Amino acid sequence: MEQFTIATLKGRLLTVWEILLKPFHHSAWGLILGILVILQLINKLKPTLFSNNLLALALFGFEKHQLRLTKRIEKTTAFALIMLFFQLKCAYEAKLVSYLAEPPRLPDAASIADLRERNITVHSRKINIMEDDKLNGIVEFYDGVHFKFDGLTLLENRVALVLEKLFADSVEGHGMLYTILPENVYETLPFYALGAKSLLRRRFQTFQQHVFEAGMQQHLRRKQESCFIWYIVKNPKAYGASEGSSAVISFVHLKPLILFFLGQWVLEVMVLMIEMLVERYKRSRRV
C-alpha cells in the first residue's frame with residue numbers, strides 16, 4: 001500500500017526584531033508599556049509624590065535618596081516594581097538564550113486547511129488528483145520527471161518524501177528545509193491481474209499473504225531508511241553532510257541589532273557631552 005501526502009516549506013526564520021518581541025505576548029508588552037507610561041506621567045505631573053524616580057530605580061537601580069529613608073508608600077511601590085521587572089528580565093533573557101540554541105520559525109503548515117489559509121499551491125504529477133475534494137482549487141499539474149525540495153509544495157509518495165527530507169536535513173546544499181503533513185491525501189493498493197488458469201496464481205496469492213502477515217513491507221522500508229542514514233553518516237566529507245543545523249544566527253542577522261545599540265551609545269555620549277557643556281556654562285555664569 002502506498003501513502004501519498006504533501007511536503008511543504010518549513011516556516012521561515014524570524015527576523016531579529018521579531019525574535020526580540022517573541023518572548024512575551026502582545027498583551028504582556030502592552031501591560032509593560034502601560035506601567036512605564038503611568039510611572040513617567042506620575043513623575044512629571046506630581047514630582048513631589050516620590051522622592052526617587054521609580055522607573056529609573058526599578059530598571060537601572062538609580063536612586064536620588066536612600067530607599068530606606070523614604071515614605072512607606074514609596075518603599076512598597078518600589079519593592080513591587082523591582083521584583084516585577086527583575087522577574088521579567090530573567091524570563092526574557094532565558095527565552096533569548098533558548099532562541100540562540102534553536103532559532104525560532106513561523107509555525108509550519110500542519111494540515112490542508114493551513115495550506116488553503118496561506119494560499120499555497122500544491123504541485124502533483126497525478127492528473128486525476130485535481131478532481132479531489134480535499135485539494136479542490138489549490139492543486140496544479142507538475143510535469144517534472146523527478147522532484148526535489150526547491151521551494152514547491154509537492155504531493156508525492158510518503159516514503160519518497162521522507163527519504164528526500166532525510167537528505168535535505170543532513171546534506172548541506174541538497175535541498176531546502178521541508179515539513180511533511182501527518183495526514184494522507186489518498187492511499188493506493190497495488191493490484192496484480194493473473195489469468196484464471198495461470199499456474200502462478202495460487203503461489204502468488206500465498207506469497208503475497210505471507211509477506212503482508214509477516215510485516216515484510218514495513219521491515220524493508222525501515223531497513224532502506226537505515227541504509228540511507230548510514231550512507232550519510234559514514235560519508236560526511238564526500239557528500240557535504242552538515243554536522244549541525246545550518247539555521248544559525250549569523251552576523252548578517254545581528255547586524256541591524258548591533259547598529260541599533262551602537263546608535264544608542266553614540267546618542268548617549270552626545271547627550272552626556274551636552275549636559276557637561278551646559279553644566280560648565282552654568283558654573284561660569286555663577287562665577
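This is a predicted model: local features need pLDDT of at least 70, side-chain atom pairs count only at pLDDT 80 or more; totals for chains, interfaces and linings use all residues.
Colleague: Which helix gives the most to the lining of the second largest pocket?
Modeller: That pocket holds about 560 Å³ of space. At least two lining residues come from each of helix 1 (16-21), helix 2 (26-45), helix 4 (72-101) and helix 9 (251-286). With six residues, the one that gives the most is helix 4.

Colleague: How many residues of that lining are nonpolar?
Modeller: The pocket is lined by 19 residues, and Leu-20, Phe-24, Trp-29, Lys-89 and Tyr-92 are the closest to its centre. Domain 2 (16-103) and domain 3 (259-286) each put in at least three residues. Set aside one polar and two charged residues, and the nonpolar count is 16.

Colleague: Which element has the lowest mean pLDDT?
Modeller: Across the protein, pLDDT averages 77, and 83% of the residues score at least 70. Among the elements, strand 5 (residues 178-180) has the highest mean, 87. The lowest mean, 72, belongs to helix 8 (residues 216-234).

Colleague: How far apart are the end C-alpha atoms of residues 257-278?
Modeller: An unreviewed UniProt entry lists these residues as "transmembrane region". In the model the span is 100% helix and 0% strand. Its end C-alpha atoms are separated by 32 Å.

Notes: Residues are numbered from 1 along each chain as its sequence is written. Side-chain values use heavy atoms; hydrogens and water are left out. On a 1 Å grid over the protein atoms alone, a cavity is a set of points where a 1.4 Å probe fits but cannot get out, and a pocket is an open set with protein on both sides within 12 Å along at least five of seven lines; lining residues have an atom within 4 Å of a point. Grid points are joined across faces, edges and corners, and a volume is the space filled by probe spheres set on the points. Helices (H or I, at least four residues) and strands (E, at least two) are DSSP runs, numbered from the N terminus. Ala, Val, Leu, Ile, Met, Phe, Trp, Tyr, Cys and Pro count as nonpolar, Asp, Glu, Lys and Arg as charged, and the others, Gly among them, as polar. Domain bounds come from an automatic or database domain assignment. pLDDT is the predictor's confidence in each residue, from 0 to 100. UniProt positions are given in the numbering used here, feature names are shortened, and annotations may be inferred rather than shown by experiment.
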